[in-house]
Amino acid sequence: MKLKISAVSYTNTKPFIYGIQHADLLNKIELSLDTPTDCAQKLIDNKVDIGLIPVAATLNMPYWEIVADYCIGAVGPVNSVFIFSNCAIKNVRRVQLDPESRSSNNLAKVLLKNFWKIQPELIVDAEDYTTSTDPETACVLIGDRTFGKKDKYAFVYDLAEEWQKFTGLPFCFAAWIANKPIPREFIDEFNVALKSGLDHRSEVLKELTPRTDFDLEDYLMHKLDFDLTEKKKEALHLFLKYIKEL
């Protein structure tokens, strides 16, 4: 029986997808590409066995385990997870959340409460959550929809960079999580496929549509840090602790 795997369909996951699709492993799985929130919900609802999910979603799972040595992470700025604001963060009165990511919204909440020590109104159903023209309304935005937007706002806060200022740790946005025990043999093969994708990032870049407003090569090669190190695991568990205290 094939294992069902859900992954996020953003630029930051393209190396992983490339590795999986060019491995023999592909014949042993059913792969679906989803938004971060849908990916997490499928895993929570047991519609898939493994998901590249926002780490905050593990709080909604009775059982979970990490099944890969790789993640979507950053050491310092990640350049794709932001609070965009028309005023300094201390003066923000409202924050529009991004409906596509639990983790980034929770990271914003953790930083607002514990680092910046402000309590703005949180808006979960903004008509156009991807933009804000109001002087005191900021917005959380992640992924490809942030590309080219940094120059459009007076104040830009890279949430991975702000987390590192706050904790001294890197950040893990998403990890490969299973909702049941997975055979070691499969995990080993899965890791090989993921590493192969990372090793072929130059080929992945050739398949992406070029952009004039965003440096895709810098993003995939340098801004993103894919190794799930012990420091990133420490950050993951600290982040979950802070979420529980919200």
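Me: Leaving aside its neighbours within four places in sequence, which residues is serine 104 in contact with?
Reply: The model is a predicted one. Contact here requires heavy atoms within 4.5 Å. With neighbours within four places in sequence left aside, the residues in contact with serine 104 are Val81, Val140, Ile142, Leu159 and Phe173.

Me: Is serine 104 buried or exposed, and in which helix does it lie?
Reply: The relative accessible area of serine 104 is 2%. Since buried means under 20%, serine 104 is buried. The helix that holds serine 104, spanning residues 102-114, is α3.

Me: How many disulfides does a search of the whole structure find?
Reply: A disulfide requires a pair of cysteine sulfur atoms within 2.5 Å. The sulfur of cysteine 39 has its closest cysteine sulfur in cysteine 172, at 13 Å, which is too far for a bond. Cysteine 172 is in no disulfide either, as the nearest cysteine sulfur, that of cysteine 71, is 4.1 Å away. Over the whole structure, the number of disulfides found is zero.

Me: What is the relative accessible area of cysteine 172?
Reply: Cysteine 39 counts as buried, at 0% relative accessibility. Cysteine 172 is buried too, and its relative accessible area is 0%.

Me: Why is helix α1 largely enclosed by the rest of the structure, and which of its residues are buried?
Reply: Helix α1 covers residues 14-21, and six of its eight residues are buried, so the helix is largely enclosed by the rest of the structure. The buried residues of α1 are Pro15, Phe16, Ile17, Tyr18, Gly19 and Ile20.

Terms used: Residues are numbered from 1 along each chain as its sequence is written. This is a predicted model: local features need pLDDT of at least 70, side-chain atom pairs count only at pLDDT 80 or more; totals for chains, interfaces and linings use all residues. Side-chain values use heavy atoms; hydrogens and water are left out. Buried means under 20% relative accessible area, exposed over 50%, partly exposed in between (1.4 Å probe, protein chains only). Helices (H or I, at least four residues) and strands (E, at least two) are DSSP runs, numbered from the N terminus.
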